[in-house]
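Subject: Structure handover

Dear colleague,

I am passing on the structure below, and after it you will find notes on what was found there. Please read them beside the coordinates.

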Amino acid sequence: MGVDYTQLHDPNAEYTMRNLSAESMQLTRDRGDREIEITDVQTTMVDGNFPWTLVRIYTDAGIVGTGEAYWGAGAPELIERMGPFLQGENPLDIDRLTEHLVQKMSGEGSIGGVTVTAISGIEVALHDLAGKILDVPAYQLLGGKFRDEVRVYCDCHTEEEADPIACADEAERVVEELGYDALKFDLDVPSGHEKDRANRHLRKPEIEHKASIVEAVTERVGSRADVAFDCHWTFSGGSAKRLAKRLEEYDIWWLEDPVPPENHDVQREVTQSSVTPIAAGENVYRTHGQRRLIDEQAVDIIAPDMPKVGGMRETRKIADLADLYYMPVAMHNVASPVATMGSVHVGAAISNALAVEYHSYDLGWWEDLVEEDVIEDGYIQVPEEPGLGVTLDMDAVEEHMVEGEELFDEA
Ligand code: MG
């Protein structure tokens, strides 16, 4: 069936100007009016299973945006330092303000590390704020959505992390009781066969021990769940190749960070040596940092951490670059519900989203931080409310603040 172009171009059609009020068009086109200005930036650190740096940006219109920076000592101080660079600015200019902060903080090291993390937290808060000003969900600011819900994978732990049966039991519990169909386990666990961890070499019995964990977990839940395994940058290139090859028969979701993060040549060689999918990316910053991993196809799956890598639009840029190579994106995430929801909006807006990580299932109060329900049966519904679509429960934030923190102002 053809499209009725006369209808689309009918200047009298009701929808033509539906969402663009005269005020908002003026606001976006003529920044000289400065109808809404940023007045203040504040942080509060919450003592979760990681320290979560929550960020709030206040405006003279009384509209407040909430964001979050990846855990990391120093982020609150850096965000406080950046506050004056934002004061008086129009919060709708997300790209310009982010670039402004990168330039202003270049002497502090804004190509990587905690400075980028701090900028990420501000950038997420700007998306919440701009969405509220324009009365649209944050995914709309990223170009609209490909999906109504984003898959969540559960990072699993057990006290007996080196015991294959204990890992399989926990996998079964998380699938059956918590409703996830996507899991991740650590594979850099002691086997009892190590001679010298410093040389990064894996001995044969160590590889066999890892294979026994993968076999036990995938045999138990492999027909009901996708399972990934994380090595946390531990092994030599040669050992990583042997491990990836040994695991091929189990057809795992991915093997994460088998080698240290600095040398992309080694990363590429490992990835291209095996059909076991290799994921990496949480330890490099901004699109520049991820570029070689993608351009050289040094990973099969790119795994940026949104509130660390540069924010929501930076993650979208990385995803777009990855999509040129038909490469999926699995978003690393250890955040509170605030930045997790930021990642969900990105996951909705990019074609190549695979899943978003959830790293707090044994904390007990993760969802208490916000008023909304967040994860349901292993998925997060993409919010339709303006901005990120989550509302902080200030009593819960106060209850779980890092000792000595001050609670930021109410919205
Ligand atoms: Mg990891």
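**The magnesium site**

Asp 230 counts as buried, because its relative accessibility is 3%, where buried means under 20% relative accessible area, exposed over 50% and partly exposed in between, with a 1.4 Å probe and protein chains only. This is a predicted model, in which local features need pLDDT of at least 70 and side-chain atom pairs count only at pLDDT 80 or more, whereas totals for chains, interfaces and linings use all residues. Residues are numbered from 1 along each chain as its sequence is written, and side-chain values use heavy atoms, with hydrogens and water left out.

The magnesium ion is coordinated by Asp 230 (OD), Glu 256 (OE) and Glu 282 (OE), at 2.0 to 2.3 Å; donors are N, O and S atoms within 2.8 Å of the metal (3.2 Å for Na, K and Ca), and water is not among the atoms, so sites may look incomplete. Along the chain these donors follow the spacing D-x25-E-x25-E. Asp 230 lies in strand E6 (residues 226-230) and Glu 282 in the loop between strand E8 (278-280) and helix H11 (286-295), so that the pair links distant parts of the chain, 52 residues apart; helices (H or I, at least four residues) and strands (E, at least two) are DSSP runs, numbered from the N terminus. Glu 282, at 6% relative accessibility, counts as buried.

**Aromatic pairs**

The count comes to eight aromatic pairs, where rings of Phe, Tyr and Trp (its six-membered ring) pair if their centres lie within 6.5 Å, and planes under 30 degrees apart count as stacked, over 60 as edge-to-face and the rest as tilted. One of them, Tyr 153 with Trp 253, is edge-to-face, at 5.9 Å centre to centre and 85 degrees between the planes. Tyr 153 and Trp 253 are both buried. Elsewhere, ring pairs link Phe 50, Tyr 70 and Trp 71 into a cluster.

**Cysteines**

The structure holds zero disulfides, a disulfide being a pair of cysteine sulfur atoms within 2.5 Å. Cys 154 is buried, with a relative accessible area of 0%, and Cys 156 counts as buried at 2% relative accessibility.

Best wishes
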